[in-house]
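Here is a short briefing to read with the structure open beside you. Take a moment to turn the model around before you start on the points.

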Amino acid sequence: PKQVPFMLYCHQDQSKMLYSVQSSFHEYIFGEGDFMEGDGVLFFLRDPDDGSFSIVGTIGQETCVVFNGQNFKELDKPPFIPSETDEDI
């Protein structure tokens, strides 16, 4: 593991940061989950029209955009992967 410094865009108001991502990239929350033993929340945002994608995290008193990217084709409707219970076609 290696620690590297990089810039994050953060705000003390979670709702304002999420609104900023929504209005800037037209992305909406499609999932969220706890991390850091329940002390933090990760939000996964996506624009289904252009494929842009963001991850926003809240921990302590700050909410930060951890990642923002566009056109992640591998995230668009993954191919069907049969499970063990599926019958052969």
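Just past the end of helix H1, His-26 adopts a positive phi of about 60°. Keep in mind that you are looking at a predicted model. The points below begin with that helix and then move on to the sheet.

**The helix**
- Helix H1 covers residues 14–25 and is made up of twelve residues.
- From its first C-alpha to its last, H1 reaches 17 Å, close to the 16 Å expected at 1.5 Å a residue.
- Three residues of H1, Met-17, Leu-18 and Val-21, are buried.
- Looking down the axis of H1, you will find its buried residues within an arc of 95°, so they line one face of the helix.
- Turned away from that buried side is a face of H1 with the exposed residues Lys-16 and Tyr-19.

**The sheet**
- Five strands make an open sheet, in the order E1-E5-E4-E3-E2, with antiparallel pairing.
- The edges belong to E1 (9–11) and E2 (28–35); each has a single partner strand, so one side of each is left without a neighbour in the sheet.
- From one strand to the next, the twist averages 20°.
- Strand E3 (residues 40–46) pairs with strand E4 (residues 53–59) in the antiparallel sense, over seven bridges.
- Within this pairing, look for Gly-40 opposite Ile-59 in E4.

**How helix and sheet meet**
- H1 lies across E1, E2, E3, E4 and E5 (62–69), and runs at about 170° to E4.
- The cover over the buried residues of H1 includes E1, E2, E3, E4 and E5.

Methods:
Residues are numbered from 1 along each chain as its sequence is written. This is a predicted model: local features need pLDDT of at least 70, side-chain atom pairs count only at pLDDT 80 or more; totals for chains, interfaces and linings use all residues. Side-chain values use heavy atoms; hydrogens and water are left out. Two strands pair if DSSP finds at least two bridges between them. Helices (H or I, at least four residues) and strands (E, at least two) are DSSP runs, numbered from the N terminus. Axes are lines fitted to C-alpha atoms, for helices over the stretch in contact, and angles run from 0 to 180 degrees between N-to-C directions. Contact means heavy atoms within 4.5 Å. The expected span of a helix is 1.5 Å times one less than its number of residues. Buried means under 20% relative accessible area, exposed over 50%, partly exposed in between (1.4 Å probe, protein chains only). The arc is that of the directions from the helix axis to the C-beta atoms.
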